[in-house]
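I wanted to look up the ring contacts first.

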Amino acid sequence: PKKILFFVPLVWTIFQLWYASPLPFVFNIFVLNDTEARAIHLAFAIFLSYTAYPTLKSSPRNYIPIQDWIVGILGALSAAYLWIFYVQLSDRPGDPTQLDLVVAVVGLVTLLEATRRALGPPLMVVCTVFMIYTFGGPHMPDVIAHKGASFMKGMSHYWLSTEGVFGVALGVST
């Protein structure tokens, strides 16, 4: 595990240096668009948050529990889904499949937990409140009520487009 924990940040750093340099265009190798680069960047970040930050204060510090490895890999795969299936997703914008929706839910849940681990509960709570507001609009008091969003529309917006998680903030980070 220690070799992997050294290897992943090293690969992430090499990826970031490659993406920021003119070399992909010079050699015409591994040229990525913004969405693909953001997906890869987030995949690394989610995986590292699960392996670098323990679940609880009482969690073991001398090894990484197996569930953290599993959930970290699931979160990374959910983020990398946009890179792996970029062409298929771009062929059907706004029309997600059942698998797209499952990946979006897994991705959002793992990202919220990664946020809690790395930055603490406040940001995770704020994000959760706004997601509840998105889907619960018709049930809100009149002053803040709105039509609401369907599950499909919400997940498409949050995870499968460049307007939610893969938006401007992640672009700046990438």
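**Aromatic pairs**

I searched the whole structure and found 8 aromatic pairs. The model is predicted.

I looked up Phe 15 and Phe 44. Their rings form a tilted pair, 6.3 Å centre to centre with 35° between the planes. Phe 15 sits in helix α1 (residues 2-20) and Phe 44 in helix α3 (residues 34-52), so this pair ties together parts that are 29 residues apart in sequence. I checked burial next: Phe 15 is buried, and Phe 44 is buried too.

I then took Tyr 81 and Phe 85. The ring centres are 4.8 Å apart and the planes stand at 50°, so I noted this pair as tilted. Tyr 81 has 6% relative accessibility, so I logged Tyr 81 as buried. Phe 85 has a relative accessible area of 31%, so I logged Phe 85 as partly exposed.

Which residues do ring pairs link into a cluster? I listed Trp 12, Phe 15, Tyr 19 and Phe 44.

The elements giving two or more residues to the patch are α2 (23-27) and α4 (66-84). Which element gives the largest share? I found α4, with 4 residues.

I located Phe 30 in the loop between α2 and α3. Its relative accessibility is 39%, so Phe 30 counts as partly exposed.

Methods. Residues numbered from 1 in each chain as written. Predicted model: local features only at pLDDT ≥ 70, side-chain atom pairs only at ≥ 80, totals over all residues. Heavy atoms only, no water. Phe/Tyr/Trp six-rings, centres within 6.5 Å; stacked < 30°, edge-to-face > 60°. Buried < 20%, exposed > 50% of the residue type's maximum accessible area, 1.4 Å probe, protein only.
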